[in-house]
Amino acid sequence: MKKVELNVIGMSCGHCAKVIESCVGSLTGVEQVLVDLKKGNVVVEFHPHLVSFDQILETIDEQGYDIA
């Protein structure tokens with residue numbers, strides 16, 4: 001299990017949080033997605049042998065958010 005904290009640019013409301021939690025959380029191998037709007041970050045716990053870090057970044061990017 002691996003845990004990463006990402007600074008995500010463009011999140012501003014509960015809808016943003018739900019979009020990221022839903023999309024990233026639906027990836028096979030992702031165990032948990034925690035969004036903190038005040039800090040502007042997302043913590044993801046995942047199994048690196050099932051989903052790559054790049055896949056997680058790409059999924060966030062596809063939703064219109066940038067990683068700092």
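This is a predicted model: local features need pLDDT of at least 70, side-chain atom pairs count only at pLDDT 80 or more; totals for chains, interfaces and linings use all residues.
Start with the strand itself. Asn41 sits in β3, which covers residues 41-46. Five of the six residues of β3 are buried, so the strand is largely enclosed by the rest of the structure.

Strand β3 has partners in both β1 and β2. With β1 (residues 2-9), the pairing is antiparallel and made through six bridges. Here Asn7 is the residue standing opposite Asn41. The pairing with β2 (residues 30-36) is likewise antiparallel, again with six bridges, and in this case Val35 lies opposite Val42 of β3. Strands β2 and β3 form a hairpin with four residues between them, and Gly40 in that hairpin adopts a positive phi near 70°.

Back to Asn41 and what surrounds its side chain. A polar contact links that side chain to the side chain of Glu5, at 2.6 Å. Leaving out residues up to four places away in sequence, Asn41 touches Glu5, Leu6, Asn7, Val8 and Met11, along with Leu34, Val35 and Asp36. Several names on that list turn up in the strand pairing too: Asn7 is the residue opposite Asn41, while Val35 stands opposite Val42. Glu5, for its part, is both a contact of Asn41 and its side-chain polar partner.

Key:
Residues are numbered from 1 along each chain as its sequence is written. Side-chain values use heavy atoms; hydrogens and water are left out. Helices (H or I, at least four residues) and strands (E, at least two) are DSSP runs, numbered from the N terminus. A polar contact is a pair of N or O atoms within 3.5 Å; within protein, one must be able to donate a hydrogen and the other to accept it, and residues adjacent in sequence count only if both atoms are side-chain atoms. Contact means heavy atoms within 4.5 Å. Buried means under 20% relative accessible area, exposed over 50%, partly exposed in between (1.4 Å probe, protein chains only). Two strands pair if DSSP finds at least two bridges between them.
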